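Q: I would like to learn how to read the features of a model such as this one. Please take me through them one at a time.

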Amino acid sequence: ETTKAFIDRGEKSRDLNAYITEDFSNALLKAKSFDQKPNFDLKLPGVPMAVKDLFCTKDVKTTAGSKILNNFIPPYESTVTQNIWDVGAILLGKLNCDEFAMGSSNETSFFGNVQSPIDKGLVPGGSSGGSASALAANLTPITIGTDTGGSIRQPASFTGTVGLKPTYGSCSRYGIVAFASSLDQAGPMSKDVKDCALLQEIISTYDEKDSTSIDFKRNEYSKELTNNIKGKKIGVPKEYRVDRMPKEIEDLWTKGIEYAKDCGAEIIEISLPHTNYALPTYYIVAPAEASSNLARYDGVKYGFRSKGENLIDMYEKTRSEGFGSEVQRRIMIGTYVLSSGYYDAYYLKAQKVRKLIKNDFEEAYKKVDAILTPSTPSAAFKIGEKTNDPVSMYLNDIFTVPVNLAGLPAISIPAGVDVKGYPLGLQIIGKAFDEQNILNIAYAME
Ligand code: GLN
């Protein structure tokens, strides 16, 4: 009945375009077989769940929002989704996302844009836009996304939901279509912090199949969740008071600071001096890694293939027709910054600045336990509003990208609304591997 209810809602809400692939009849079969042998000791017993279409799902089409993977049926399962099915969840289908997770509005998907259930003229955020929209519209009770520069936290903020980007290396990247390998992390998206903690403890496992997976002692986050944050030191970085920050974002931040104080936290002003360089650094590092990762889509091994007169012609036509314009733009930027003669000036420089950004956080964490900022510089914008202005689109990531560059965990929680009633989120950034602490602060503040 539960699975059927989520399927019914999915069918009635097709105008949102949240799904790329519905796997409803299989979901019903799995639900029936769960009913025949129910096991309520599992952490997600028979819980139906749709996931971002960036996770490879065995025998279920996985597109990464791209034409080039439109016919790709993976012969294997990603570790993160396997962890979810192992504790009893049932796959409902695959959710829309920006092409190869490149975007902030879900408008770069080959399968069309996604509407926000908050207001159908609004973007749900991106790149995990289908996940956020499906969650906010109750098409799935919980979900997972991926976050390379904000793709879990920004859509969570835009749709009034909770999203956690874990420490780099805590969730396996095995079987997730790669965008920028040194930044990509999978993470939970949910309606409240408790569900987020539960999902995080399920998906965060050490995995030999991912060479960057880290073997550390993982908490049972949901069991150790507490809203007692008395005496916690929370930093407020002065550099995040960016020029022309809308008043409503500033007010939201002030309200969050006051609320944290009421919960017994101590607020400390801190400085993250290289914050201004995070966005340009990200937009060198991420496209560089993307250009290398996307070299595998050549029309030979799998995916879409265009007819060509010879091999080179086939490569060119496949990639010109198979990739959308934002992906092509990133491949060109990435190839340029990695090319000999420009490598030192751009890529190497960016790597050095990345280290400075990481050092800033390390210095700050000598004084504080966590950092509180707005999640985004604005509420959700209108569909089409920024599609012709990539720089303004990129600026939306200003508060989220430093966290990925530093490999840290951060959570976005709903914290209020703007004048139009559109949701706004606050971000709590933690030390590496300190998910429990930011979940606790989020739990106290939600
Ligand atoms: N919006 C950012 C980008 O376009 C982040 C995307 C992401 O986190 N996957 O690169």
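Q: Is strand β3 (residues 90-95) buried or exposed?
A: A residue counts as buried if 20 or more other C-beta atoms lie within 10 Å of its own. In this predicted model, six of the six residues of β3 pass that test, so the strand is largely enclosed by the rest of the structure.

Q: Which strand pairs with β3 in the antiparallel sense, and over how many bridges?
A: The general idea for a regular strand is that side chains alternate between the two faces of the sheet. Here the antiparallel partner is strand β1 (residues 19-22), joined to β3 over three bridges. One of the residue pairs is T21 with K94 of β3.

Q: Which strand pairs with β3 in the parallel sense?
A: That is strand β2 (residues 48-52), with five bridges to β3. V51 has K94 in β3 as its bridge partner. Between β2 and β3 the chain passes through helix α3 (residues 79-86), and this β-α-β crossover is right-handed.

Q: How many residues of helix α14 (residues 435-445) are buried?
A: In general, an α-helix has 3.6 residues a turn, so residues three or four places apart point the same way. In this structure α14 is mostly covered, with ten of its eleven residues buried. The buried residues are E435, Q436, I438, L439, N440, I441, A442, Y443, A444 and M445.

Q: How many helices and strands does the protein chain have?
A: The protein chain has 14 helices and eleven strands. Its radius of gyration is 21 Å, close to the 22 Å that the globule rule gives for 446 residues, so the chain is as compact as a globular protein of that length. The C-alpha trace spans about 65 × 65 × 45 Å along its principal axes. Of the 446 residues, 55% count as buried.

Q: What part of the contacts with a separation of 6 or more joins residues 24 or more positions apart?
A: In the protein chain, such residues account for 76% of those contacts.

Q: Which residues come nearest to the ligand?
A: There are 13 residues around the ligand, and A101, S104, T148, G149 and S151 come nearest. By type, the shell divides into four nonpolar, seven polar and two charged residues.

Notes:
Residues are numbered from 1 along each chain as its sequence is written. This is a predicted model: local features need pLDDT of at least 70, side-chain atom pairs count only at pLDDT 80 or more; totals for chains, interfaces and linings use all residues. A residue is near a molecule or strand if its C-beta atom, placed from the backbone, lies within 6 Å of it. Ala, Val, Leu, Ile, Met, Phe, Trp, Tyr, Cys and Pro count as nonpolar, Asp, Glu, Lys and Arg as charged, and the others, Gly among them, as polar. Helices (H or I, at least four residues) and strands (E, at least two) are DSSP runs, numbered from the N terminus. The radius of gyration is taken over C-alpha atoms; the globule rule is 2.2 Å times the number of residues to the power 0.38. A residue is buried if 20 or more other C-beta atoms lie within 10 Å of its own, exposed if 12 or fewer, and partly exposed in between; C-beta atoms are placed from the backbone. Two residues are in contact if their C-beta atoms, placed from the backbone, lie within 7 Å. Two strands pair if DSSP finds at least two bridges between them. A crossover is right-handed if, with the strands pointing away from the viewer, the path from the first strand over the helix to the second runs clockwise.
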